[in-house]
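Please read them with the structure open beside you.

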Amino acid sequence: MIAKIGKPGHKTRGVLNYLYGPGRANEHTDPHLVASWDGFAPDPGRDPDATLAQLATALDLRVKQAGHKAPKSHVWHCSIRTAPEDRHLTDDKWAAIARRVLDATGIAPDGDPDACRWIAVRHADDHIHIVATKVRGDLRPPRNWNDFVRADKELVAIEKEYGLRHIPRGDRTAAKRPTRAEQEKARRTGTTRTSRERLRTIVRTAVSAATTTEELFRIIEGTGAMIDVQHFPSGDIRGYKVALAGDTNAQGEPVWFSGSTLAPDLSYPKIAERLTTTATTPAERTEATTWRRLAIAVDKVPDSLTHSEDEDAQAHIAVLLEALNALPVLAPADLRPQLFQAATAFEHAGRSRIPAHHQQAQATLQAVKAILRQPAPKDGALLVLALDALLLAVIAAQHWHRTRDHHQQAEAAQQAAVHFRAAHRTAATEPLAMLRQQGECLPQWQLNRQATAVRHALPALAERILAEPDWPALATTLNEATAAGHSPAQLLAQAAGHRELDTANNLSEVLTWRLTRLREPTAEKPSPRMAATPIHPSSATPSHVPPTASRPRSR
């Protein structure tokens, strides 16, 4: 069951007109009361002598008695809806549910003779509306602070008792959704995303690249967004807000968004905490070294999620989000849409109520920031290696959230994995074809030798692997591993143990990329000083966010 509590209103009759009317699309059928504060409220739906005016007058009685002491917005409105697959509930059951919710929220505590006046209206099979006026019999306001959370908690108990579908609840860590006004403004201006969403992408990408708050502000400025940094009297930074140039309100002033209104983890204190624990990023000699190092670091994330404390695991997932935010900037143009959608979907999976110990994810964090200081790899196989490791990490994050009942985060990670698979499939097409072509040219004795290794290491899957079209690509990888002094059978066993293979559609492809990562040399040890290679400011803006001119302000 889902409860929706609207903003307090000031017209009781207006709400009743809607509840007893035909609805916006004639969807209301048989509107009638299922319960009321005393059981004797007039019901215009079932009593031909009752009117909406009479019902409104009865509900507003104490509001009139309170006079100027009554709240201006005195109408409390809550709708409660069952899931589509839930069974039909009788009017008596809906009445009992309404009373429990009113008791839980403090609008009408059970047994309180001075509780607010209220009604519960049903005009459809799957939901009811509760309307109350927020003046008690003693002419005081009700104590309904935090009413949504308390109503939702009661509905969880009701779901269990009534055998209804359990609706996954959030933990209030999701980013604020664009308002209807923001969405309408985006449509009027011909943009597919609201200013809030575009600025969220800009700041997230800048956080992925920056190593200090000063650098963060420079990168945001370089994207064309406007930034206003606020300071305490002591000179310390208090916070920041951002705006898109040209996005103004009715007075012609920029529409500013503070970091916390973009997302909870984009507030200045949260960002400063992450950047404070960021170790210096080592200088890398080539982009190949940088991207291999990223793949090796990310490859360890699934094991870290399995064996680390929750706070350490949350840090690895937060850094994984930074990696996903960086990829659309660096990847080839044909991969950017899917990678951008993957990063957007994973955004909520990157945080939870569990605090993150950011210092525990330094290796991955350094690798992420290092790739933003190098051009995208010219070797497509390097990018595929990184994407393959990141995909496994996203799947591991989905499992980690699900086992901790982080339902919304798990769903976000699952959606991200869908987009990420599509990007990985596109990126891997050409490198895999080259490996397959090389494998088809291998002497038969070498193919037979690698086939024997597969049968020895993976007896239950061997025949399926050997029959797949991409088996020659895997044979090429095994042959290269053999030439480098590795044991093919041992590598195969290690790759299979990294993650189950039963759900893989193409075992040969999965094993090809896993083996390539496993036989990579260990990443270089970080140097003690920051690389001097500067980040080009515009590199922090995905192509989905067009640059605009701006001038940063600081006060």
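1. The accessible surface of the protein chain comes to about 26,600 Å², and 52% of that surface belongs to carbon and sulfur atoms; such areas come from the Shrake-Rupley method with a 1.4 Å probe, and for residues only the protein chains shown count as cover. Of the 555 residues of the chain, 53% count as buried, a term that means under 20% relative accessible area (1.4 Å probe, protein chains only).

2. Please keep in mind that this is a predicted model, in which local features need pLDDT of at least 70 and side-chain atom pairs count only at pLDDT 80 or more, while totals for chains, interfaces and linings use all residues. Residues are numbered from 1 along each chain as its sequence is written, and side-chain values use heavy atoms, with hydrogens and water left out.

3. The protein chain has 22 helices and 9 strands, which are DSSP runs numbered from the N terminus (helices: H or I, at least four residues; strands: E, at least two).

4. An open sheet is formed by 5 strands in the order 1-3-5-4-2, with antiparallel pairing, where two strands pair if DSSP finds at least two bridges between them. Strand 1 (2–5) and strand 2 (32–36) stand at the edges, each with a single partner strand, so one side of each is left without a neighbour in the sheet.

5. Strand 4 (residues 118–122) is joined by 5 bridges to strand 5 (residues 127–133), and the two run antiparallel; I119 stands opposite V131 in strand 5.

How values were computed: Buried means under 20% relative accessible area, exposed over 50%, partly exposed in between (1.4 Å probe, protein chains only).
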